Amino acid sequence: LENGEFFIELSGGERAQVEFADEGNVVVFMLGDGVNQIINPWLREHRGIALRATPHGLRMPRSGQSDVWRSWYGRMFLP
């Protein structure tokens, strides 16, 4: 794996690899389980829709190089 692999789980349960067009300069926004607990009840009642938290995984590349790294930042916004 040269660049690693990023997977998401689709609503039907299938796992799909996500490929990003940009070469390393990517920001990804995903919804967490808080959307199920806080936002979806209102959306279902008033709009008849629901958002979906994104089950996901990252497989880092196997490398003997010391310059391979992963940066991660997560933040929860609660009412």
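Glu5 lies in strand β1, which covers residues 5-9; helices (H or I, at least four residues) and strands (E, at least two) are DSSP runs, numbered from the N terminus. The model is predicted: local features need pLDDT of at least 70, side-chain atom pairs count only at pLDDT 80 or more, and totals for chains, interfaces and linings use all residues. Residues are numbered from 1 along each chain as its sequence is written, and side-chain values use heavy atoms, with hydrogens and water left out.

**Strand residues**

- Glu5 counts as buried because its relative accessibility is 15%; buried means under 20% relative accessible area, exposed over 50%, and partly exposed in between (1.4 Å probe, protein chains only).
- Leaving aside residues up to four places away in sequence, Glu5 touches Gln17, Gly57, Leu58 and Arg59, where contact means heavy atoms within 4.5 Å.
- Leu58, one of these, belongs to strand β3 (residues 56-59).
- Leu58 has 39% relative accessibility, so it counts as partly exposed.
- Leu58 and Ile8 are 50 residues apart along the chain, and their C-alpha atoms are separated by 8.9 Å.

**Helix α1**

- Helix α1 spans residues 34-47, which makes 14 residues.
- From its first C-alpha to its last, α1 reaches 18 Å, close to the 20 Å expected at 1.5 Å a residue; the expected span is 1.5 Å times one less than the number of residues.
- At Asn40, α1 bends by about 50°, and the proline Pro41 follows within four residues; the bend is the angle between axes fitted to the seven residues ending there and the seven starting there.
- Val35, Asn40 and Leu43 are buried in α1.
- After α1 comes Gly48, with a positive phi near 70°.

**Rings and charge**

- The charged end of Arg15 sits over the ring of Phe7, 4.5 Å from its centre; this requires NZ of Lys or CZ of Arg within 6 Å of the ring centre and within 35 degrees of the ring normal.

**The whole chain**

- The protein chain has one helix and three strands, in the order β-β-α-β along the sequence.
- Of its 79 residues, 10% count as buried.
- Among contacts between residues at least 6 apart in sequence, 45% join residues at least 24 apart.
- The accessible surface of the protein chain is about 7,200 Å², and 51% of this belongs to carbon and sulfur atoms; such areas come from the Shrake-Rupley method with a 1.4 Å probe, and for residues only the protein chains shown count as cover.
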